[in-house]
Amino acid sequence: MAALRIEGYVIVSAEGMLADARNVMPDALKFEGDAKFFSAALDRANLIVHGRNSYEDQPNSPKRKRIVLTRGVKALATDPANPKATLWNPAGASFEGACAAAGIESGTVAIIGGPGVFAMFLDRYDTFYLSQAPHVRLPGGEPCFPEVTAECSPQRVLADHGLQPGTTTMLDPAFDVVVTAWERRR
């Protein structure tokens with residue numbers, strides 16, 4: 001689906017974690033500048049993709065079309081709790097099929113997690129926006145990609161999948177929070 005632009009969005013701790021040891025995004029990883037950046041990006045997106053435990057929890061969330069990855073359906077289904085959501089089991093249907101079921105054939109798709117979902121698109125991202133909070137530590141937390149370890153950073157994972165660092169933007173100078181646009185050169 002060349003008409004789709006695939007973008008990823010995550011904020012991580014100093015060691016590349018997106019959640020704490022309880023698999024919860026702690027308040028320590030929530031910064032106003034990053035929240036504004038994230039919200040504006042999702043407002044521009046045509047489709048949001050995330051796992052069943054990930055969500056954006058914003059005022060415009062109910063208005064957004066989305067695909068929710070789940071093993072709770074055989075292939076594709078409309079979410080009975082949200083008519084704007086398509087439930088997708090990747091074992092039963094292709095991503096292109098899920099997009100078609102959601103009524104999206106072109107535009108921007110924002111991938112917002114969790115780790116397994118981020119990893120599924122590593123070779124398809126046009127841009128991955130990696131926000132970093134260098135002063136936040138989450139020992140034993142959940143990494144943004146399954147491959148992230150003490151020896152393998154999120155940046156290494158992105159580079160290993162053909163993405164290169166582009167523009168870095170300061171989001172919160174008081175806490176040194178920045179976002180780097182990792183881009184696929186075509």
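Student: Why is Cys144 called buried?

Tutor: Buried means under 20% relative accessible area, exposed over 50%, and partly exposed in between, with a 1.4 Å probe and protein chains only. Cys144 has a relative accessible area of 0%, so it counts as buried. Cys99, also at 0%, is buried too. Do keep in mind that this is a predicted model, where local features need pLDDT of at least 70, side-chain atom pairs count only at pLDDT 80 or more, and totals for chains, interfaces and linings use all residues. Residues are numbered from 1 along each chain as its sequence is written, and side-chain values use heavy atoms, with hydrogens and water left out.

Student: What makes Asp176 partly exposed?

Tutor: Its relative accessibility is 35%, so Asp176 counts as partly exposed. The backbone deserves a look as well: phi of Asp176 is near 60°, a positive value in a residue other than glycine. Asp176 sits in the loop between strand E10 (163-172) and strand E11 (177-184); strands here are DSSP runs of E with at least two residues, helices are runs of H or I with at least four, and both are numbered from the N terminus.

Student: How do you know that E10 and E11 pair?

Tutor: Two strands pair if DSSP finds at least two bridges between them. E10 and E11 run antiparallel and are joined by seven bridges. Thr168, for example, stands opposite Thr180 in E11.

Student: What makes Asn23 exposed?

Tutor: Its relative accessible area is 52%, so Asn23 is exposed. Asn23 also has a positive phi, about 65°, although it is not a glycine, and lies in the loop between strand E2 (17-19) and helix H1 (32-44).

Student: How do you know that the buried residues of H1 line one face?

Tutor: The buried residues are Gly33, Asp34, Phe38, Ala41 and Leu42. Seen down the axis of H1, they fall within an arc of 160°, so they line one face of the helix. That arc is taken from the directions from the helix axis to the C-beta atoms. On the other side of H1, Glu32, Lys36 and Arg44 are exposed.
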